[in-house]
Amino acid sequence: MALQPKSIGTPTKGFFKTQIILRILAAAFTLAAIFVLVTAKQSVVVFGIVLQARYDYTTAFRFVLGADAVVCGFSLLSVVFVCMLSRSESHVKTHFFLYLHDLFMMLVMISGCAAGTAVGYVGKFGEEKMGWFGFCDRVTKFCNQVTISMVLSYLAFFCYLAMTIMSPRKFMYKVIE
């Protein structure tokens, strides 16, 4: 048996349709996550003192917002690129750069999701050994909105994970018997 590079050939229309749908979904999920996170605010009175919970009070949530914005923008740009790519003859190099784009966007999303999830977990459950107490029992509306935003961000991550898994099939080797 010998391994020979598989010809890239012309990708199917189904491949491009799936790519476009996943990119549009990723853009929609991140745009919705941005909207939900930005509107996440709540004020409570504790012992006569007004306390506010807002997304921009923590750097992790600002990072999630930035990651969502970057991925949303690049997802919309890549939709245009994939549409143009589907109309022309594609080359291995072009698909490789598209794969690198998808891989980078997936990494940006998972890093933002990880940061937001870590802070959200501490906000909900606290960290007893450090003396930090959870605050989500006092600002439930805020915590629920942040949770929804994080779920939307994770959905965008899964879209890019699917694209990252899907794309390398163009570079696979087939076994010649």
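The legends below describe close-up views of one predicted model. Because the model is predicted, local features need pLDDT of at least 70 and side-chain atom pairs count only at pLDDT 80 or more, whereas totals for chains, interfaces and linings use all residues. Residues are numbered from 1 along each chain as its sequence is written, and side-chain values use heavy atoms, with hydrogens and water left out.

**View 1. Helices H1 and H4 pack against each other.** Helix H1 spans residues 13-38 and helix H4 spans residues 140-166, helices being DSSP runs of H or I with at least four residues, numbered from the N terminus. Their axes lie 8 Å apart and meet at an angle of about 160°, which makes H1 roughly antiparallel to H4, a term for angles over 145 degrees. The axes are lines fitted to C-alpha atoms over the stretch in contact, and angles run from 0 to 180 degrees between N-to-C directions. H1 passes H4 in a left-handed crossing, in which the near helix is turned anticlockwise from the far one by less than a right angle.

**View 2. A salt bridge joins Arg 23 and Asp 102.** A salt bridge is a side-chain nitrogen of Lys or Arg within 4 Å of a carboxyl oxygen of Asp or Glu, and here the N to O distance is 2.8 Å. Arg 23 lies in helix H1 and Asp 102 in helix H3 (residues 92-125), so the pair ties together parts that are 79 residues apart in sequence. Arg 23 is buried at 0% relative accessibility, and Asp 102 is likewise buried, with a relative accessible area of 0%; buried means under 20%, exposed over 50% and partly exposed in between (1.4 Å probe, protein chains only).

**View 3. Arg 54 pairs with Asp 56, and Arg 138 with Asp 137.** The closest N and O atoms of Arg 54 and Asp 56 are 2.9 Å apart; Arg 54 is partly exposed at 27% relative accessibility, as is Asp 56 at 22%. In the salt bridge between Arg 138 and Asp 137, the closest N and O atoms are 3.3 Å apart. Arg 138 is partly exposed, with a relative accessible area of 49%, while Asp 137 counts as exposed at 59%.

**View 4. Val 70, Phe 74 and Leu 77 form a nonpolar surface patch.** Together these residues have about 270 Å² of accessible area, computed by the Shrake-Rupley method with a 1.4 Å probe, where for residues only the protein chains shown count as cover. Patches are made of residues with over 30% relative accessible area and no salt bridge, like charges being joined within 9 Å and nonpolar side chains (Val, Leu, Ile, Met, Phe, Trp, Tyr) within 5 Å. Phe 74 is located in helix H2 (residues 59-87) and is partly exposed, with a relative accessible area of 40%.

Conventions:
Helices (H or I, at least four residues) and strands (E, at least two) are DSSP runs, numbered from the N terminus. Angles under 35 degrees count as roughly parallel, over 145 as roughly antiparallel, 65 to 115 as roughly perpendicular and the rest as oblique.
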